[in-house]
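Open the model in your viewer and keep the selection tool at hand. The tour goes stop by stop.

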Amino acid sequence: MTRIASVLEIDAAALRQNVLACRALVEKRPQPPALGVVLKANAYGHGLTEVLASVHDTIAWIDVITPDDAIAIRAWERAHERPPVEILVIGPVHADEAVLLADENVVVAIGDDGYATWRNALARAGSRPLRVHLHVDSGLGREGFIESDVERHARAIVAHAPELVLEGVLSHFANVEDVTEQEYARAQVSAFERAARTASDVAGRPLMRHQSASAATFVLPEAHFDVVRVGISLYGLWPSSETRVSTRVVHGTLPVLTPALAWRVPSQVVRTLPTGAFVGYGCTYKTSRATRVAVLPVGYADGYPRALSGQAHVLVDGKRCPVIGRVMMNHIVVDVTQARENDAPLVATLLGRDGDEVLSAEQVAVWADTIHYEIVARLGAHLRRVVVNGDAHKSA
Ligand SMILES: *Cc1c(COP(=O)(O)O)cnc(C)c1O
């Protein structure tokens, strides 16, 4: 017997539409930037290979955090006989990984002085030159060199030729999606432009520049530069409601973003509990009538937040059914009395569309008191993912 398990449906057509929507937006510029997509965190929980299968042929750059992801993308490209696209690793890189990445023609962001150890490793290995982008901290306070350190590090990187080749400069915004007034972001643009000029002067030629994630791609055209790094919007989700409002102001219209994920869970058992029965750990829920419940084999170990206890509903046959009692490690219990008239097995939708109802990641995030980025990024890597609405040859 096949085991009952969760399935994440990844909608290839939706992903491709979102790529087109983002491209249409940036192509309004006289010199449009290239489109880059951010596939970190297992492609925001959607599945790295499933998302690659869906959009690889439509994009110019891919941004990831870990060297492992970059290597996995190159392996996927070889296995599927696809031409390599540009990949940028934004996170920390060890010297031995720098060698691997150089040989795979992957670009690496340098945001701290860890790169000092790379040169010897690259020289010893006789690898190809490692292409690097200098990460500028224009005001996020995370990684990157502050403005006053940019010249010194640009010189050091250039002095590490031929092992290192300085090709670009990047930075990241702090709060474009949190506000509708963008003074702080504009100050970050100015700081980045100054730092980029400094680095380009040191390199003796113009360097590639990039600063925009999804929100700035929508609302700050002056920050598009040479390539944008679209994360959350690739998956059909708005960075925030503020960004939605601002996008309408800036463009006069709203691009259509289509959520690309649905989470379906078949029931483990459907049965009827009598009046006065307790449900779940802590006995936090007691039935006040005969209650038909579905036990679903999914819980916080799969990325369904425990904070949803007593807060959420799921969809069954297009009807909202409350999650009752606490979310457990591997189980939730749902009241399906309104949706079902017998104990036949059912499939519940935890995220996505079912009939006329939709359960958005934003809604689930509100119930769990977090943001939708966290809801999707924490979907278990072990969950089964299937690509739907893709061409047969694009299946992962
Ligand atoms: C995550 C990330 C992005 C993408 O952000 P979204 O808001 O998801 O579009 C872009 N750049 C960097 C450096 C990031 O860490």
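Start with helix α10. Its buried residues pack against α1 (12-26) and α9 (214-219). This is a predicted model.

**Stop 1: the two sides of α10**

Select residues 241-251, which form α10. Colour Thr 243, Ser 246, Thr 247 and His 251: these are the buried residues of the helix. They lie on the same side of α10, because they cover an arc of only 110 degrees around the axis.

**Stop 2: the largest pocket**

Stay with α10, as it supplies at least two residues of the lining of the largest pocket. So do α2 (40-44), β3, α9, α11 (361-367) and α12 (372-377). The volume of this pocket is about 960 Å³. Select Glu 177, Ile 232, Pro 239, Ile 371 and Tyr 373; of the 44 lining residues, these are the closest to the centre. By class, the lining has 26 nonpolar, nine polar and nine charged residues.

**Stop 3: the second largest pocket**

Next, select Pro 259, Ala 260, Leu 261, Gly 352 and Arg 353. Of the 21 residues that line the second largest pocket, they lie nearest its centre. Two or more lining residues come from each of β1 (7-11), β10 (261-266), β18 (347-354) and β19 (357-359). The space here is about 360 Å³. Its lining divides into 13 nonpolar, four polar and four charged residues.

**Stop 4: a cavity**

Which residues line the largest cavity? Select Trp 263, Gly 303, Tyr 304, Pro 305, Leu 350, Leu 351, Val 364 and Ile 375. Seven are nonpolar, one is polar and none is charged. The volume of the cavity is about 30 Å³.

**Stop 5: the nonpolar core**

Select Leu 39 and Trp 118. Of the 114 residues in the largest nonpolar core, these two touch the most other members. Helix α8 (residues 183-203) gives the core its largest share, eight residues. Zoom in on Trp 118. Beyond its neighbours within four places in sequence, Trp 118 is in contact with Val 93, His 94, Ala 95, Ala 98, Val 108, Ile 110, Leu 130, Val 132 and Leu 164.

**Stop 6: a loop residue**

Finish at Thr 58, in the loop between α3 (48-55) and β3 (61-64). Is Thr 58 buried or exposed? Its relative accessibility is 17%, so Thr 58 counts as buried. Leaving out residues up to four places away in sequence, Thr 58 touches Arg 16, Val 19 and Arg 23.

Conventions. Residues numbered from 1 in each chain as written. Predicted model: local features only at pLDDT ≥ 70, side-chain atom pairs only at ≥ 80, totals over all residues. Heavy atoms only, no water. Helix = DSSP H or I, 4+ residues; strand = E, 2+ residues; numbered from the N terminus. Buried < 20%, exposed > 50% of the residue type's maximum accessible area, 1.4 Å probe, protein only. Contact = heavy atoms within 4.5 Å. 1 Å grid on protein atoms, 1.4 Å probe; cavity = no way out; pocket = protein on both sides within 12 Å on 5 of 7 lines; lining within 4 Å. Points joined across faces, edges and corners; volume = space filled by probe spheres on them. Nonpolar A, V, L, I, M, F, W, Y, C, P; charged D, E, K, R; others polar. Core = buried A, V, L, I, M, F, W, Y, C linked by side-chain atoms within 4.5 Å. Arc of directions from axis to C-beta.
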